[in-house]
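Welcome, and please take a moment to look over the structure below. A short briefing follows, grouped by topic.

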Amino acid sequence: PVYWVEVLDVGHQKWQPVDPVVLHTFWKPKAFEPPITDKENCLSYVVAFEADGTARDVTRRYAKAYTAKTRRLRVENALEDGGHWWRKVMNLYRPKRHTDLDQIEDTELAGVEAREPMPRNVQDFKDHPVFALERHLRRHEVLVPGATPSGTVATGSRGPLEKIFRRKDVRIAKSADKWYRLGREVKPNEIPVKWLPKRARPKNSRYEEEDAHVEDEVVGTPLYTEDQTELYEPPPVRNGRVPKNKFGNIEVYVPHMVPRGAVHIVHEHATRAALILGVDYAPALTGFEFKGRQGTAVLHGIIVASEFDEAIRDVINGLVDVQQELEDERKRLVALRMWRKLLMGLRIRERIWSGV
């Protein structure tokens with residue numbers, strides 16, 4: 001069935017399904033999921049509506065393997081929280097007051113999901129939120145050292161047993177360059193937890209020079225976990241001089257990458273103000289913007305010594321005032337030209353009507 005009725009069991013404070021038309025079942029929620037062989041019907045979303053128009057998602061009550069199978073049939077995106085859009089939709093139908101019965105039902109549904117047994121085949125372990133197989137780890141995922149298996153699964157009728165690990169033992173690993181763009185640097189003498197093979201590039205590729213500092217020519221890219229990194233501390237400002245890279249700017253991907261003794265000033269007139277005062281500054285490189293296959297550095301504001309902060313902001317305010325005066329003067333000239341055109345038209349009209 002596509003529609004059925006839920007009846008409240010007052011004694012147990014629990015909603016029970018009733019279907020006397022199709023399945024002829026009572027109090028059997030697991031009987032409502034269609035078999036896998038049914039290609040025209042699958043249980044992916046079950047929404048229970050109240051008489052007052054409110055509703056809630058009760059899919060976990062009826063799905064036999066919600067985490068392993070049903071969750072993969074739902075519309076989700078590639079983000080970490082793929083079901084955010086669905087919760088946003090269901091919030092429109094949420095009751096204004098959360099009753100004791102609603103809390104009991106939330107506890108029941110959470111318990112059903114927590115008591116779901118471990119999958120029995122290899123395919124159900126892919127993207128499982130609780131368990132993981134080493135074969136299903138992504139390029140930038142690794143197991144923590146000394147991870148304890150939670151069990152084994154057969155890879156086939158005659159295949160060897162494969163160890164099952166907890167998803168909490170999986171860590172995200174990144175290259176040293178990607179950690180640097182997050183404001184972290186790899187600790188000295190750290191051994192990479194994984195090596196990514198170098199991706200094949202076509203001959204005369206425009207990426208060869210860009211990736212030369214990221215990927216090793218022989219073994220690939222070394223990856224490190226967050227535990228192998230520490231917060232990056234840039235060189236401090238000395239004698240009012242801001243440290244710069246070989247391109248003449250300073251990389252500020254996160255706020256704590258601003259050097260000690262410096263400030264980040266974001267304004268369209270900041271560079272001009274620094275040039276007027278003659279102080280040392282460095283454009284702040286905050287990221288890259290990719291259009292097609294070409295990346296462009298994004299410069300957002302400037303970095304100057306903190307002792308020049310007040311002076312530069314005063315100059316910026318002065319430049320803003322001058323710009324406003326020029327804009328007002330331009331508007332005044334435009335208005336005068338329009339008035340002149342109107343008066344000249346009135347004079348011509350007066351001469352024509354006077355017959356002179």
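**Aromatic rings in the interior and beyond**

Tyr62 counts as buried, at 0% relative accessibility (buried means under 20% relative accessible area, exposed over 50%, and partly exposed in between, with a 1.4 Å probe and protein chains only). This is a predicted model, in which local features need pLDDT of at least 70 and side-chain atom pairs count only at pLDDT 80 or more, while totals for chains, interfaces and linings use all residues. Residues are numbered from 1 along each chain as its sequence is written, and side-chain values use heavy atoms, leaving out hydrogens and water.

**Aromatic pairs**

- Rings of Phe, Tyr and Trp (its six-membered ring) pair if their centres lie within 6.5 Å; planes under 30 degrees apart count as stacked, over 60 as edge-to-face and the rest as tilted.
- By this rule the count is 9 aromatic pairs.
- One of them joins Phe32 and Tyr62 edge-to-face, at 5.6 Å centre to centre and 80 degrees between the planes.
- Phe32 sits in the loop between β3 (25-26) and β4 (47-49) and Tyr62 in helix α1, so this pair ties together parts 30 residues apart in sequence (helices, H or I with at least four residues, and strands, E with at least two, are DSSP runs numbered from the N terminus).
- Phe32 is buried, with a relative accessible area of 4%.
- Phe125 and Phe131 also form an edge-to-face pair, with 6.5 Å centre to centre and 80 degrees between the planes.
- Phe125 is buried at 0% relative accessibility, and Phe131 is buried at 8%.
- Trp4, Phe32 and Tyr62 form one aromatic cluster.

**Charges on the surface**

- Lys14, Lys30, Lys64 and Arg115 gather in a surface patch of positive charge.
- Patches are made of residues with over 30% relative accessible area and no salt bridge, like charges being joined within 9 Å; a salt bridge is a side-chain nitrogen of Lys or Arg within 4 Å of a carboxyl oxygen of Asp or Glu.
- Lys64 lies in the loop between α1 (59-62) and α2 (66-73), and at 56% relative accessibility Lys64 counts as exposed.
- Arg241 is in the loop between β14 (229-231) and β15 (250-251) and is exposed, with a relative accessible area of 52%.

**Positive phi angles**

- Asp127, a residue other than glycine, has a positive phi near 60 degrees; Asp127 lies in the loop between α4 (100-114) and β6 (131-133) and is partly exposed at 39% relative accessibility.
- Asn239 has a positive phi near 55 degrees and is exposed, with a relative accessible area of 80%.

Terms used. Patch = residues over 30% accessible without salt bridge, like charges linked within 9 Å, V, L, I, M, F, W, Y side chains within 5 Å. Areas by Shrake-Rupley, 256 points an atom, 1.4 Å probe, with all protein chains shown as cover. Lys, Arg positive; Asp, Glu negative; His and termini not counted. Charge placed at Lys NZ, Arg CZ, Asp CG, Glu CD.
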